[in-house]
Amino acid sequence: MSGIRNITKILLVALVVILITCAVSCDNVQKDHDGLNIVVTIFPEYDWVMQILGERAEDSEITLLLRNGTDIHNYQPSVADLVTISECDLFIYVGGNSESWVEDALKNAANDEMTVINLTEVLADRVVEEEIADGMEHDHEHSEDDHGQAVDEHVWLSLENARKCCEYIANRLSEIDHDNADEYTENAARYCEQLSVLDGEYKTAIESAKFSTLIFADRFPFRYLVDDYSLEYYAAFSGCSTETEASFETIAFLVDKLEASGVGSLFVIDGSDGKLARTVIENSSAKKVEVRTLNSMQSVTASDIENGITYLSVMKENLEVLKIALN
């Protein structure tokens, strides 16, 4: 199987090189916009860029690669995606194991002046290793990085991380487009203030909450959020796990924690079918426990964006869910 994957990867790279060469050599290929050409991998990056660009977004071409509900762990770029990346002015990606395809994509970039932002590099010492906590299923297939450690990729689920990323993105946009640098800086400052205010609301709500434990009958991508507010958690799977079925031991562990903690909520993430959560509740004495969803923004679609979803709106909704669940 690995041999077939390697052959497929080689053929894909070769095809991309051919297409890029054709695109670059064609005299009739021209931009259909006057502004920047920006490509991002996930929704939070997309929304941050939109907020920072402000009115300049109307003149720019902004491509969100993961726009059909496919999360970062399952996405593989199409040939068209790779060509789009190759020609952009600014490319933003998370930088974890799930985006290992980026390295090859950038090797064949047609624009040798492209600015590239890797969020895990931007955040540096704020990035933590993926944790296999007590009671979790251990996904042995999840690969590690070159240093032998798998980083937790879900850096966007911290408001503090979001603020740092937005400040950095604004600085790089200002370098690319000097004429509008002041506008980008002002937009970013306003937006970062909104992030800071919401961060304060999280702190106030959680400090005064009755409970401080979250139990997930699902994957757990919220490591950065719980670390920010000193919450305790238990979960069936790590955030990047490919496992879908929990063992008897994991179910029993979650049942025990649910009964012992006294919490009235069991969590799942966006896109969950809720099957494991129902199984845990059915096998516990806590029959009145409610299943609640925290949105990790890993299944956002183009339709959601058209309907007005934003990074801040999701994080505000998550706070309201936590207020109910922790009291």
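This is a predicted model: local features need pLDDT of at least 70, side-chain atom pairs count only at pLDDT 80 or more; totals for chains, interfaces and linings use all residues.

Student: How is the lining of the second largest pocket divided by class?

Tutor: It has 13 polar, eight nonpolar and eight charged residues. Asp, Glu, Lys and Arg count as charged, so Asp 218, Arg 219, Glu 243 and Asp 273, which are among the residues nearest the centre, belong to the charged class.

Student: What makes the pair Arg 223 and Glu 131 a salt bridge?

Tutor: The criterion is a side-chain nitrogen of Lys or Arg within 4 Å of a carboxyl oxygen of Asp or Glu. The N to O distance between the side chains of Arg 223 and Glu 131 is 3.8 Å, so the pair qualifies under the 4 Å limit. The structure holds twelve salt bridges.

Student: Which parts of the chain does the pair Arg 223 and Glu 131 tie together?

Tutor: Arg 223 belongs to helix α8 (residues 223-228), whereas Glu 131 is in the loop between α5 (119-123) and α6 (159-176); the pair therefore ties together parts that are 92 residues apart in sequence.

Student: Why is Arg 223 called buried, and why is Glu 131 called partly exposed?

Tutor: Buried means under 20% relative accessible area, and exposed means over 50%. Arg 223 has a relative accessible area of 14% and is therefore buried. For Glu 131 the value is 32%, which lies in between, so Glu 131 is partly exposed.

Student: What is the salt-bridge distance between Asp 227 and Arg 223, and how far apart are the two residues in helix α8?

Tutor: The closest N and O atoms of Asp 227 and Arg 223 are 3.2 Å apart, which is within the 4 Å cut-off. The two residues are four residues apart in helix α8, so about one helical turn separates them. Asp 227, at 41% relative accessibility, counts as partly exposed.

Student: How do you know that Asp 199 and Lys 203 form a salt bridge?

Tutor: Their side chains meet at 3.5 Å, N to O, and the limit is 4 Å. Asp 199 and Lys 203 are four residues apart in helix α7 (residues 181-207), hence about one helical turn. Asp 199, at 11% relative accessible area, is buried, whereas Lys 203, at 38%, is partly exposed.

Student: Why is Asp 47 said to have no salt bridge?

Tutor: Lys 316, the nearest side chain of opposite charge, is 10 Å away, while a salt bridge requires atoms within 4 Å. Asp 47 lies in helix α2 (residues 43-53) and, leaving aside residues up to four places away in sequence, touches Tyr 191, Thr 310, Tyr 311 and Leu 312.

Student: How much of the chain counts as buried?

Tutor: Of its 327 residues, 52% count as buried. The chain has twelve helices and eight strands.

Definitions and conventions: Residues are numbered from 1 along each chain as its sequence is written. Side-chain values use heavy atoms; hydrogens and water are left out. Buried means under 20% relative accessible area, exposed over 50%, partly exposed in between (1.4 Å probe, protein chains only). Lys and Arg count as positive and Asp and Glu as negative; His and the chain ends are not counted. Contact means heavy atoms within 4.5 Å. On a 1 Å grid over the protein atoms alone, a cavity is a set of points where a 1.4 Å probe fits but cannot get out, and a pocket is an open set with protein on both sides within 12 Å along at least five of seven lines; lining residues have an atom within 4 Å of a point.
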